[in-house]
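Here is a short walk through one structure. Take a look at it, then follow the text from one side chain to the next.

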Amino acid sequence: MTGKQQQSPIFKKGNKHDASNYRPVSLTSVPCKVLESLIRDTVVARVDKQGFYDDCQHGFVKGWSTHTNLLETLEAWTRIIEEGLELDVIYLDYRKAFDTVPHRRLLQKLRK
């Protein structure tokens, strides 16, 4: 391979002729990936050691996942219903939120 690496954007969905329907790909060298991994491991170890995570935190915590979060939520809802209490649930779908929100405008609003 020559000094220049080949990069191919990944198609998301929609019209294949619209450039905004593609996700850019960045090829990172092995030394950069190793360094990134070392930094991530160090930060995660420090955060774990200092007890930064709340007991309700499931994402990005070793041994926890969206599945464990769902199971705990289902257990809490079941307990509420069994106690004869009322339960209202609102679902919000953030799946596409960061694909459609203008990031610069969002950052400006957060600063204000």
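Is Asn21 buried or exposed? Asn21 is buried, with a relative accessible area of 16%. Buried means under 20% relative accessible area, exposed over 50%, and partly exposed in between (1.4 Å probe, protein chains only).

This is a predicted model: local features need pLDDT of at least 70, side-chain atom pairs count only at pLDDT 80 or more, and totals for chains, interfaces and linings use all residues. Residues are numbered from 1 along each chain as its sequence is written, and side-chain values use heavy atoms, with hydrogens and water left out.

Stay with Asn21. This residue sits in the loop between strand 1 (10–11) and strand 2 (22–23). Strands (E, at least two residues) and helices (H or I, at least four) are DSSP runs, numbered from the N terminus. A polar atom of the Asn21 side chain lies 2.9 Å from the backbone oxygen of Asn15. Neighbours within four places in sequence aside, Asn21 is in contact (heavy atoms within 4.5 Å) with residues including Ile10, Phe11 and Asn15.

Now turn to charged side chains. A salt bridge is a side-chain nitrogen of Lys or Arg within 4 Å of a carboxyl oxygen of Asp or Glu. The whole structure holds two salt bridges. One joins Arg40 and Asp41, at 3.1 Å from N to O. Arg40 is partly exposed at 47%, and Asp41 is partly exposed at 41%.

Another links Arg79 and Glu75, with the closest N and O atoms 3.6 Å apart. Arg79 and Glu75 are separated by about one helical turn, because they are four residues apart in helix 2 (residues 66–82). Arg79 is partly exposed at 42% relative accessibility. Glu75 is exposed, at 52%.

Methods. A polar contact is a pair of N or O atoms within 3.5 Å; within protein, one must be able to donate a hydrogen and the other to accept it, and residues adjacent in sequence count only if both atoms are side-chain atoms.
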